[in-house]
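I opened the model to look at two things.

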Amino acid sequence: MPETVTITDNRTGQTVDIPIENGSIDMKAIQKLMPGTWVLDPAFGGTASTESAITDLDGANGILRYRGYPIEQLAEHSTFLEVCYLLLNGELPNQEQTDSWVHDVTYHTFIHENMRKRFMEGFNHDAHPMGMLMSAIAALSTFYPEAKDIEDPGNRYKQINRLISKGPTLAAMAYRASIGMPFVYPDNDLTYAENFLSMMWRVAEPQYKPDPVLAKALDVLLILHADHEQNCSTTTMRVVGSAHADPYSAVAAATGALYGPRHGGANEAVIHMLEEIGSYDNIEPFVESVKAGESRLMGFGHRVYKAYDPRARIVKEQADKVFEVTGKSPLLDMALKLEEIALNDDYFKSRNLYPNVDFYTGLIYQSMGFPLDMFTVLFTIGRMPGWLAHWQELLEQGQRISRPRQVYTGVGERAYVPIAER
Ligand code: SDX
């Protein structure tokens with residue numbers, strides 16, 4: 001059988017054979033058959049926007065691989081900085097490459113003092129850290145105007161390195177500003193996750209001593225969030241990047257997309273949901289309200305996964321380790337009960353609604369002391385290498401500017417009406 005699909009325009013009897021390649025068909029071929037007729041697919045439910053070699057997602061079977069490596073193995077054996085290197089370069093680094101990469105990231109964590117003094121301190125005391133982080137990332141483009149030279153690989157590397165290095169510094173500053181505490185400078189003797197905890201929590205001690213279990217759990221959570229193929233924020237990164245904007249502007253746009261409660265904001269929304277449910281007795285009535293379409297079960301459902309999100313399983317394992325240190329989250333039993341009910345209820349099963357990465361993540365963050373409005377900031381730090389790997393890939397692919405068409409449904413031509421006659 002030929003690996004093609006045939007489309008016939010029954011109005012003319014004309015047909016076009018389109019090759020099926022790599023599980024996809026090039027729908028531009030339809031333009032030969034029916035010029036000016038567009039493939040309509042709002043929210044890209046059935047559309048591949050690009051080819052990519054970075055992350056392989058099999059939603060039906062709950063499989064996630066970064067550059068071919070299963071997420072379960074990376075979570076168990078790797079580190080976040082090693083995963084950053086893997087996503088950006090396609091291979092796990094050897095010792096020399098690891099030492100060089102870790103050095104470059106460690107020694108670029110500081111930010112310009114004007115950012116600290118005049119920018120971050122300019123926000124209101126109750127500013128949401130995601131709004132602060134998104135703005136600060138965009139502002140970084142004004143300190144590194146050379147970032148506009150996106151064609152130079154060496155320059156791209158410098159900006160990628162800065163964004164991965166400075167993300168935690170800006171994130172911690174957003175938190176410290178929100179509680180009126182002085183900023184903590186990076187500590188180059190600590191690992192990436194330890195340094196972030198130090199910048200978040202250090203008070204007057206000469207050096208912050210992070211709990212190794214919590215630092216490891218945070219590093220694993222960053223790995224789990226590092227990439228997820230063409231999700232909403234990564235697609236945003238690629239669209240803005242296709243205009244050849246500088247990477248800081250593209251990352252700021254992606255951060256804005258991640259801020260949405262349907263996307264990266266879900267981890268914060270899960271805690272709000274559990275706190276609103278309030279008690280065991282309210283779980284069944286809440287589930288009924290979800291089935292009646294009055295509420296959403298936040299942290300459940302996924303556009304791609306129609307099975308258990310493999311990351312959610314790993315997050316749950318990390319939660320047990322964290323709770324041994326911090327004490328069990330008071331919301332955990334409710335979350336477990338909610339999951340048990342949903343996994344056995346036809347409404348959720350028929351819609352393939354399973355826990356996603358956000359369902360348990362918030363419980364860990366909350367137990368580690370992070371305030372709710374910092375949860376999506378943590379997601380941003382984790383997703384940074386994924387966004388940058390896709391940005392780099394689209395430039396290397398020589399991709400054209402993203403410019404979809406539309407189906408116009410508005411009124412036809414009409415003459416201007418003077419205001420006295422309206
Ligand atoms: C992330 O894309 C990614 O990869 C994202 C992410 C990543 O790593 O980048 O994995 C991270 O964003 C995870 C998702 C976090 N969001 C949430 O947990 C918010 C709650 N979930 C949803 O709102 C929803 O499930 C989405 C947004 C995740 C997916 O939405 P879709 O694919 O557009 O599905 P849909 O809204 O069309 O729903 C299909 C059906 C509908 O029912 P019917 O109209 O057919 O009767 O399922 C229902 C929905 O009502 N449904 C839910 C539900 N999610 C979908 N019903 C109750 N609770 C939910 N959470």
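For polar contacts I took pairs of N or O atoms within 3.5 Å; within protein, one must be able to donate a hydrogen and the other to accept it, and residues adjacent in sequence count only if both atoms are side-chain atoms. The model is predicted, so I note the limits: local features need pLDDT of at least 70, side-chain atom pairs count only at pLDDT 80 or more, and totals for chains, interfaces and linings use all residues. Numbering runs from 1 along each chain as its sequence is written, and side-chain values use heavy atoms, with hydrogens and water left out.

**Ligand site**

Gly299 has a backbone N or O atom 2.8 Å from one. Arg311 places a polar side-chain atom 2.7 Å from a ligand oxygen. For Arg383, a side-chain N or O atom is 2.8 Å from an oxygen of the ligand. The protein buries 74% of the 1,000 Å² that the ligand exposes when taken alone (Shrake-Rupley method, 1.4 Å probe).

Which residues come nearest to the ligand? I found His228, Arg296, His302, Arg303 and Arg311, out of 22 around it (a heavy atom within 4 Å). I sorted the shell into eight nonpolar, seven polar and seven charged residues. Here Ala, Val, Leu, Ile, Met, Phe, Trp, Tyr, Cys and Pro count as nonpolar, Asp, Glu, Lys and Arg as charged, and the others, Gly among them, as polar.

**Sheet**

I then checked an open, antiparallel sheet of three strands, order 1-2-3. Strands are DSSP E runs of at least two residues, numbered from the N terminus; pairing needs at least two bridges. Six bridges join strand 1 to strand 2 (residues 14-21). Ile7 has Val16 of strand 2 as its bridge partner.

Methods
Helices (H or I, at least four residues) and strands (E, at least two) are DSSP runs, numbered from the N terminus.
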